[in-house]
Amino acid sequence: MTQPESSQIIGETPAPAPDSRIAPQLAAARDADAKFGNQLDVTRAAVNAARGAAAGSDAWVEAQQAISRLDALRAGVTGALAELDGMVLAGVRDPALAPAQAEVDMVDARERADLADLRSRLSGF
């Protein structure tokens with residue numbers, strides 16, 4: 001007599017199939033974060049150069065533009081986070097989902113904090 005496969009045992013729930021959308025979202029977030037990191041020092045330098053400058057001055061405008069460019073680089077992170085959150089809400093059962101969502105959420109929070117700091121430093125508060 002042959003033994004039934006473990007997934008055929010009555011009452012046992014089969015493991016969820018891996019969701020192929022998770023890895024690309026995580027990769028997109030990591031790529032966007034790397035680009036953000038590469039531009040963060042450039043933006044900090046622009047903000048530092050504009051500290052004390054009048055709003056509307058060339059240095060202030062350049063710093064604002066640098067902050068806007070940096071913020072635009074977050075699209076991969078925010079898009080990935082939205083997709084991963086959507087998977088959770090849709091009930092996707094994949095053990096890789098929660099860690100991916102947590103990682104991207106932490107990246108998002110760090111980037112938002114970096115931008116808030118830059119904006120605060122530029123405004124003098």
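**Salt bridges in the predicted model.** A search of the whole structure finds 12 salt bridges, a salt bridge being a side-chain nitrogen of Lys or Arg within 4 Å of a carboxyl oxygen of Asp or Glu. The model is predicted, so that local features need pLDDT of at least 70 and side-chain atom pairs count only at pLDDT 80 or more, whereas totals for chains, interfaces and linings use all residues. Residues are numbered from 1 along each chain as its sequence is written, and side-chain values use heavy atoms, with hydrogens and water left out.

**View 1. The salt bridge of Arg-21 and Asp-19.** The side chains of Arg-21 and Asp-19 meet at 2.7 Å, N to O. Asp-19 is buried, with a relative accessibility of 18%, while Arg-21 is partly exposed at 41%. Here buried denotes under 20% relative accessible area, exposed over 50%, and partly exposed the range in between (1.4 Å probe, protein chains only).

**View 2. The salt bridge of Arg-30 and Glu-103.** The side chains of these two residues, Arg-30 and Glu-103, form a salt bridge of 2.7 Å, N to O. The pair links distant parts of the chain, 73 residues apart: Arg-30 belongs to helix α1 (residues 22-50) and Glu-103 to helix α4 (residues 97-123). Helices are DSSP runs (H or I, at least four residues), numbered from the N terminus. Arg-30 is partly exposed, with a relative accessible area of 46%; Glu-103 is also partly exposed, with 25%.

**View 3. The salt bridge of Asp-71 and Arg-119.** An N to O distance of 3.2 Å defines the salt bridge between the side chains of Asp-71 and Arg-119. Because Asp-71 lies in helix α2 (residues 58-72) and Arg-119 in helix α4, the pair ties together parts that are 48 residues apart in sequence. Asp-71 is partly exposed at 32%, and Arg-119 is partly exposed at 40%. Through shared partners, salt bridges join Asp-71, Arg-74, Asp-108, Glu-111, Arg-112 and Arg-119 into one network.

View 4. Helix α2 has 15 residues and reaches 21 Å from its first C-alpha to its last, close to the expected 21 Å; the expected span is 1.5 Å times one less than the number of residues. Ala-63, Ala-66, Ile-67 and Leu-70 of α2 are buried. These residues cover an arc of only 100° around the axis, which puts them on the same side of α2; the arc is taken over the directions from the helix axis to the C-beta atoms. On the other side of α2, Asp-58, Arg-69 and Ala-72 are exposed.

Note on methods: Helix = DSSP H or I, 4+ residues; strand = E, 2+ residues; numbered from the N terminus.
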